[in-house]
Amino acid sequence: MLDLAIIGGGPAGLSCGLYASRGGIKNVTLFEKGLPGGAIASSSEIENYPGIEKVQSGMEFMEPWNNQCFRFGLKHEMKEVQQIIKKDDYFILKFHNEEIKSKNVVVCTGSTPKRAGIKGEDEFYGRGVSNCATCDGFFYKDKEVAIIGGGDTALEEALYLTDICSKVYLIHRRDKFRAAPSTVEKIKQNSKIELILEAKVTEILGDNMGVNAIKYQDKNDNIKEIKLPGIFVFIGMDINNEVLKQDDDSFLCKVNTLGEIIVDLNMKTNIKGLYCAGDMRSEAPRQVVCAASDGATAALQVISSLH
Ligand SMILES: Cc1cc2nc3c(=O)[nH]c(=O)nc-3n(C[C@H](O)[C@H](O)[C@H](O)COP(=O)(O)OP(=O)(O)OC[C@H]3O[C@@H](n4cnc5c(N)ncnc54)[C@H](O)[C@@H]3O)c2cc1C
């Protein structure tokens, strides 16, 4: 029986593993279905992690995280967890061909931004197409960008980008936004935002340097093009919460309407011994520094619960 099982080897899981193994938990294993590193490993650049002055690729940035936490005895198994169930006072982790028991579990399986399925979106992802204004907005300082989406996140990120960019085109397929009325009002009042409503983005254009234009069909069916280097797609997130789904389709712990796991400030779910950390938890800021902090917090809670 493990003392602690960590599911997911992104910044939250690795930080949790570091704090747990260095903090004296003997029997702790991190299960990661691929190579540890998480979502940031796919990013070409990260420059907002405090203390890391040099811009690095996500892969370069995450390499020392692995080396550091495995030095303190964290075990790693490259396995995909299928399901977590609760039995008496322990948990059972189900894999394809086996089951492992653990007294505590920290789930750190992250979230995945939804893609819009637009021509050129995949080709230019990370080269002008982004899902994160906090991460990539600065690369478009004093330049024009477009946002695709019409929910709270799209509108809030549009406002955020007006502090950095010279102009923000907000392109939405409906004539109304699905966002808080106060945010919609702020959007309408902001002179740096141009609304393009009832429009369908048809293509993202670019060359080997990255994105250089966005093409859309307006409400009168005319095809239009705007030259710009950056496009942000905010059409929602898929929360990687499958491992918590039970046989009857309910979740092992409480989740909100978005599928995010509800935790308190200590990363505790409503189930004793079950914690969630990082991008998959409710109210997550979805930044590496925040995910790392969550992972450490969860580990410290497990340590104190074992005393
Ligand atoms: C392109 C891109 C650029 C970004 N740029 C920045 C940036 O500049 N600055 C910044 O702060 N943040 C950035 N982010 C956001 C940052 O990557 C996330 O906030 C952070 O990685 C979240 O960490 P996490 O550990 O919660 O989840 P993740 O990093 O998503 O890690 C989850 C891990 O769980 C594993 N996993 C999932 N399901 C299972 C399972 N069933 N069994 C075993 N393993 C599983 C996955 O393989 C993955 O490795 C960026 C994200 C992307 C995609």
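**Notebook: ligand shell, strands and one buried glutamine**

I sorted the residues of the shell around the ligand by type and got 14 nonpolar, 10 polar and seven charged. I note here that this is a predicted model.

*Ligand surroundings.* I then asked which residues of the shell are the closest. In total 31 residues surround the ligand, and E32, A39, N48, D279 and V288 are the closest.

*Polar contacts of the ligand.* I went through backbone atoms beside the ligand. At K33, a backbone N or O atom lies 3.1 Å from a nitrogen atom of the ligand. For I40, I found a polar backbone atom 3.3 Å from an oxygen atom of the ligand. V288, already listed among the closest residues, has a polar backbone atom 2.8 Å from an oxygen atom of the ligand. Next I checked how much of the ligand is covered: taken alone it exposes 1,000 Å², and the protein buries 90% of that.

*A sheet of three strands.* I moved on to an open sheet and read its strand order as β12-β13-β14, with antiparallel pairing. Its edge strands are β12 (200-207) and β14 (223-227), each of which pairs on one side only. I also took the angle between neighbouring strands of this sheet, which is 25 degrees on average with direction ignored. Between β13 (residues 210-217) and β14 I found five bridges, and these two strands run antiparallel. As one example of a residue pair, I traced I214 to its bridge partner I226 in β14.

*Q246.* My last entry concerns a loop residue. I located Q246 in the loop between β16 (237-239) and β17 (274-276). Is Q246 buried or exposed? Its relative accessibility is 17%, so Q246 counts as buried, the cut-off being under 20%. A polar atom of the Q246 side chain lies 3.0 Å from the backbone oxygen of L244.

How values were computed: Residues numbered from 1 in each chain as written. Predicted model: local features only at pLDDT ≥ 70, side-chain atom pairs only at ≥ 80, totals over all residues. Heavy atoms only, no water. Near = heavy atom within 4 Å. Polar contact = N/O pair within 3.5 Å; in protein donor to acceptor, adjacent residues only side chain to side chain. Areas by Shrake-Rupley, 256 points an atom, 1.4 Å probe, with all protein chains shown as cover. Nonpolar A, V, L, I, M, F, W, Y, C, P; charged D, E, K, R; others polar. Pairing = 2+ DSSP bridges. Helix = DSSP H or I, 4+ residues; strand = E, 2+ residues; numbered from the N terminus. Axes fitted to C-alpha atoms, helices over the stretch in contact; angles between N-to-C directions. Buried < 20%, exposed > 50% of the residue type's maximum accessible area, 1.4 Å probe, protein only.
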